[in-house]
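Please read it with the model open.

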Amino acid sequence: MAIEKMKMPQLGESVTEGTISNWLVKPGDHVQKYDPIAEVMTDKVNAEVPSSYTGTIQELHFDEGETVPVGELICSIQTEGTGAGSEEETAPEQSMKPSEANEKTTEASQSVGKPRYSPAVLRLSEEHDIDLKTLNGTGAGGRITRKDVLKAIEHGPEAVKIPAEPEPSVKEPVTKGQAAPRRDPVQTAANDTIIPVTGIRKAIAQNMTRAKQEIPHAWTMIEADVTGLVSARDALKREFKEKEGFNLTYFAFFVKAVAQALKEFPEMNSMWDGDRIIRKKDIHLSIAVATDDALYVPVIKHADEKTIKGIGREIHELAGKVRTGKLSADDMQGGTFTVNNTGSFGSVQSMGIINHPQAAILQVESIVKRPVVMDGNMIAIRDMVNLCLSLDHRVLDGLVAGRFLARLKGILEEMNEKTVSIY
């Protein structure tokens with residue numbers, strides 16, 4: 001018999017933690033290798049975690065709703081074996097030097113009795129000034145869970161307030177290396193609704209904060225006349241829907257144009273990596289897809305090699321996966337540049353936050369009719385769109401960004417019923 005340890009897997013590029021949304025097993029259940037044992041939610045994907053072993057679930061180390069760092073032990077599985085596994089585990093202890101054994105024993109004795117809190121519990125308690133030592137845990141072995149902290153928050157501030165320590169007579173200034181002062185919690189009223197930040201919303205907040213703190217954003221915008229594109233799409237959309245079974249959207253045309261422009265300006269398809277810049281050869285376009293309470297960024301791989309029809313189909317399929325919770329980890333990985341269809345909400349101008357570690361994000365705004373001066377002295381009503389670009393100024397300068405946008409404008413303005421081929 002051996003006890004095997006299951007750890008939180010990395011479910012996507014740059015994913016550092018996941019929230020256990022649902023356990024599919026309980027202690028005592030027998031599982032086969034590759035059987036799903038938990039549903040895990042991250043900012044990038046919802047996925048089932050398969051068992052790495054065949055055996056009996058011994059212990060679940062986290063409750064549903066708790067957020068677990070990648071690599072953290074999530075459950076223990078008792079497997080049936082010849083006993084070799086146990087011998088292998090004890091062999092290193094038997095061969096230890098006396099001094100090493102003493103050190104191990106000392107470390108173990110020091111850790112006995114120390115409470116173990118999950119990152120989610122720690123963050124929630126810090127945000128609401130709750131002393132975890134005053135709570136009675138309902139988790140395994142008396143461990144304090146997220147649900148315990150939420151109950152303490154609902155019970156009222158007096159029951160969970162940390163006794164104030166007397167202030168020192170002399171206040172020392174905060175110097176470099178010291179922890180920053182704790183943020184005072186927002187005052188709440190009796191009729192306020194408190195919504196703990198967990199799961200995808202918390203991950204989005206962390207990623208957006210990281211992007212704004214690490215990346216020096218610059219922003220620029222250009223206006224394009226897409227009257228010909230609108231005319232071409234209107235002429236094709238009815239037949240396309242009948243033949244392909246999904247709508248031919250404007251966004252597919254824009255994604256195709258961006259892929260072509262990136263091929264001509266590979267500098268834009270780059271990433272910052274500390275002391276080096278990585279210029280990606282493959283053009284994998286991330287597209288933002290929103291649900292009622294979250295934002296996902298699936299990836300169209302090799303977008304430059306696809307037709308408008310092919311891109312349109314991928315957009316349709318990826319959006320469907322997002323809304324049905326079937327997006328896989330592979331669907332989220334490898335993006336090199338992000339295109340965001342902010343125009344679908346009626347936006348005409350916006351500044352996107354760059355999708356770390358990419359170097360730029362393009363916001364495609366709403367197509368609107370505007371009066372435009374033509375040929376110097378004529379005014380005509382044209383279909384116009386704003387293209388808003390946020391760029392990482394460590395990687396890109398205004399010159400290359402301006403040239404990229406100018407080329408993108410040219411590609412879009414050349415699209416019309418005679419030039420556009422969607423197949």
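The points below run from the overall fold to single residues.

1. **Basis.** This is a predicted model; local features need pLDDT of at least 70, side-chain atom pairs count only at pLDDT 80 or more, and totals for chains, interfaces and linings use all residues. Residues are numbered from 1 along each chain as its sequence is written, and side-chain values use heavy atoms, with hydrogens and water left out.

2. **Overall make-up.** The protein chain has eleven helices and 19 strands. Both are DSSP runs numbered from the N terminus: helices are H or I with at least four residues, strands are E with at least two. Of the 423 residues, 39% count as buried. Buried means under 20% relative accessible area, exposed over 50%, and partly exposed in between (1.4 Å probe, protein chains only). Take the contacts in the chain with a separation of 6 or more: residues 24 or more positions apart account for 65% of them. Contact here means heavy atoms within 4.5 Å.

3. **Largest core.** Which residues have the most contacts inside the largest nonpolar core? They are Met-268, Leu-285, Phe-337, Leu-387, Leu-389 and Phe-404, in a core of 61 residues. Helix α8 (residues 250–264) gives the largest share of this core, ten residues. Another core lies apart from it, with 19 residues, among them Ile-20, Val-25, Val-31 and Ile-37. A nonpolar core is a set of buried Ala, Val, Leu, Ile, Met, Phe, Trp, Tyr and Cys residues joined through side-chain atoms within 4.5 Å.

4. **Aromatic pairs.** The structure holds two aromatic pairs. Rings of Phe, Tyr and Trp (its six-membered ring) pair if their centres lie within 6.5 Å; planes under 30 degrees apart count as stacked, over 60 as edge-to-face, and the rest as tilted. Phe-240 and Phe-246 are edge-to-face, at 5.2 Å centre to centre and 90° between the planes. Both of these residues are buried. Phe-337 and Phe-404 are tilted, with 5.8 Å between centres and 55° between planes. This pair links distant parts of the chain: Phe-337 is in strand β16 (residues 337–340), Phe-404 is in helix α11 (residues 398–413), and they are 67 residues apart.

5. Why does Phe-337 count as buried? Because its relative accessibility is 0%. Phe-404 also counts as buried, because its relative accessibility is 0%. Not counting residues up to four places away in sequence, Phe-337 touches residues including Val-258, Leu-262, Met-268, Leu-285, Leu-362, Leu-389 and Phe-404.

6. **Charges over rings.** Arg-233 lies over the face of Tyr-250, 4.5 Å from the ring centre. The charged end of Lys-243 sits over the ring of Tyr-423, at 4.8 Å from its centre. The test requires NZ of Lys or CZ of Arg within 6 Å of the ring centre and within 35 degrees of the ring normal.

7. **Strand β19.** Check the partners of this strand. Strand β9 (residues 217–225) is joined to β19 (residues 378–392) by nine bridges, antiparallel. Asp-225 has Met-384 in β19 as its bridge partner. Strand β17 (residues 360–364) runs antiparallel to β19, with five bridges. There, Leu-362 stands opposite Leu-389. Strand β18 (residues 368–374) and β19 are antiparallel over seven bridges. Three residues lie between the strands in the hairpin of β18 and β19, and Asp-375 takes a positive phi near 55°. Two strands pair if DSSP finds at least two bridges between them.

8. **Four-stranded sheet.** This open sheet has the order β5-β4-β2-β7, with antiparallel pairing. The edge strands β5 (46–50) and β7 (67–69) each pair on one side only. Strand β2 (residues 17–23) and β7 share three bridges. Gly-18 stands opposite Val-68 in β7.

9. **Asp-304.** This residue lies in the loop between β15 (299–300) and α9 (308–324). Buried or exposed? Asp-304 counts as buried, because its relative accessibility is 17%. Leaving aside neighbours within four places in sequence, Asp-304 contacts Lys-256, Ala-259, Lys-263 and Ile-283.

10. **Ile-204.** This residue is in helix α6 (residues 199–214). Ile-204 is buried, with a relative accessible area of 12%. The C-alpha atoms of Ile-204 and Thr-42 are separated by 9.0 Å, and the two are 162 residues apart along the chain.
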